[in-house]
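Me: Please take a close look at one packing contact in this model, and then carry on to the elements around it. Plain description is enough.

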Amino acid sequence: MPGNPLGHTLVHLLETDRGPVLVDTGWDDPASWDALTAGLAACGTSVEALHGVLVTHHHPDHHGLSGRVREVSGAWIAMHPADTELVRHLRGTPPGGWIDLLAGKLTAAGAPAAHVARLEAARAGDREPPGRRAALPDRELVHGELLDLPGRRLRAVWTPGHTPGHVCLHLEEAHPRGGAGNSRLFSGDHLLPGITPHVGLYEIYEPARAPGGRPADPLGDYLSSLARVAALDPAEVLPAHQHAFTDAPGRVRELLAHHRARLAELRALLRTPRTLWQLTGSMAWNRPWDRIPYASRNIAVAEAEAHLRHLVARRLAEAVPGSHPVAYVAV
């Protein structure tokens with residue numbers, strides 16, 4: 001991934017009786033394409049031979065090359081319908097539309113006008129958002145279903161949070177090296193060995209799915225999904241970043257503890273009413289707020305909003321009546 005501190009995406013290859021299948025594809029970039037084709041050749045196959053592509057989620061470092069893979073191979077592309085809807089939404093968004101959307105969200109959060117105004121520079125550049133050339137999936141990954149992969153037992157496990165339609169893939173077969181547990185798990189970005197996956201809000205995530213018209217709660221979804229994955233207790237986790245690892249339940253406990261601490265931090269800060277922007281700037285990040293790059297501040301706002309949304313859903317925080325932009329306070 002050029003210019004990204006993560007460096008790379010791990011793409012996995014699964015043999016089936018109908019031909020090889022990819023788990024994710026990588027970023028849409030010539031260097032990424034070269035790495036993919038070289039990796040497939042080292043495994044004794046090629047892009048042309050691919051039978052299908054299983055996409056854990058729609059982000060461009062996972063789904064980016066799917067369009068080119070389909071063009072070369074004719075492979076089917078499978079994704080959870082919630083993320084397929086996001087792909088369709090991105091394709092239908094006019095140039096600059098995502099800037100309008102982000103500007104509105106930042107303004108509502110209480111961001112200063114000077115911060116919001118910097119988005120206009122991005123509009124002037126008319127840069128195409130990453131992932132627009134990715135394929136529109138033609139198959140669905142349905143939670144709990146065994147996938148139609150002859151010779152393999154691979155089950156889709158819906159794990160929303162990082163994205164609305166994130167899916168892990170549980171390979172229900174004996175571990176080749178006799179590892180203890182229940183075989184292997186392709187975890188995408190849901191479970192990583194040393195990184196806490198980003199959980200934010202999507203504009204298309206806003207319509208309420210829960211009874212009673214409650215707003216969506218992506219962090220609540222993520223925490224529930226973590227428990228679901230821990231219960232699988234795989235012998236080995238094959239993530240999309242960093243490296244393979246063991247002890248998924250232990251890693252889940254670490255992530256749950258991290259988010260408990262994060263939520264406690266927010267509640268303490270909200271003893272004083274704050275807008276979302278003020279709350280984000282007061283939180284502890286990996287560097288002081290004034291040293292966080294512009295784009296990373298926008299990501300931080302999204303993450304803070306997901307945590308704030310979870311506190312509101314649990315009735316541990318509420319909006320201050322009549323405040324504009326909206327301020328929140330702990331209850």
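Reply: Helix H5 (residues 97-109) packs against helix H11 (residues 294-313) at an angle of about 60 degrees, and their axes are 11 Å apart. The model is a predicted one, in which local features need pLDDT of at least 70 and side-chain atom pairs count only at pLDDT 80 or more, while totals for chains, interfaces and linings use all residues. Residues are numbered from 1 along each chain as its sequence is written, and side-chain values use heavy atoms, with hydrogens and water left out.

Helices (H or I, at least four residues) and strands (E, at least two) are DSSP runs, numbered from the N terminus. Axes are lines fitted to C-alpha atoms, for helices over the stretch in contact, and angles run from 0 to 180 degrees between N-to-C directions.

The crossing of H5 and H11 is left-handed, that is, the near helix is turned anticlockwise from the far one by less than a right angle. On the H5 side the contact (heavy atoms within 4.5 Å) is made by Leu102, Lys105, Leu106 and Ala109, and on the H11 side by Asn298, Val301 and Glu305. Sorted by class, the contact of H5 with H11 has four nonpolar, one polar and two charged residues. Here Ala, Val, Leu, Ile, Met, Phe, Trp, Tyr, Cys and Pro count as nonpolar, Asp, Glu, Lys and Arg as charged, and the others, Gly among them, as polar.

The open sheet comes next. Its four strands run in the order E6-E7-E8-E9, with mixed pairing; two strands pair if DSSP finds at least two bridges between them. E6 (154-158) and E9 are the edge strands, each pairing on one side only. From one strand to the next, the twist averages 25 degrees. E6 pairs with strand E7 (residues 167-171) in the antiparallel sense over five bridges, and tryptophan 158 stands opposite valine 167 in E7. Helix H8 (residues 218-232) packs on the sheet and touches E6, E7 and E8, its direction making about 155 degrees with that of E6.

Buried means under 20% relative accessible area, exposed over 50%, and partly exposed in between (1.4 Å probe, protein chains only).

Aspartate 233 is in the loop between H8 and E9. Its phi is positive, near 50 degrees, although it is a residue other than glycine. Aspartate 233 counts as partly exposed because its relative accessibility is 36%. Aspartate 24, in the loop between strand E2 (21-23) and helix H1 (30-42), also has a positive phi, of about 70 degrees. Aspartate 24 counts as buried because its relative accessibility is 2%. Most residues other than glycine have a negative phi, and most peptide bonds are trans. A cis peptide bond, with omega about -10 degrees, joins histidine 324 and proline 325.

A further aspartate, residue 83, lies in helix H4 (residues 81-92) and is buried, with a relative accessible area of 0%. Leaving aside neighbours within four places in sequence, aspartate 83 is in contact with His57, His58, Thr163, Pro164, Gly165 and His166.
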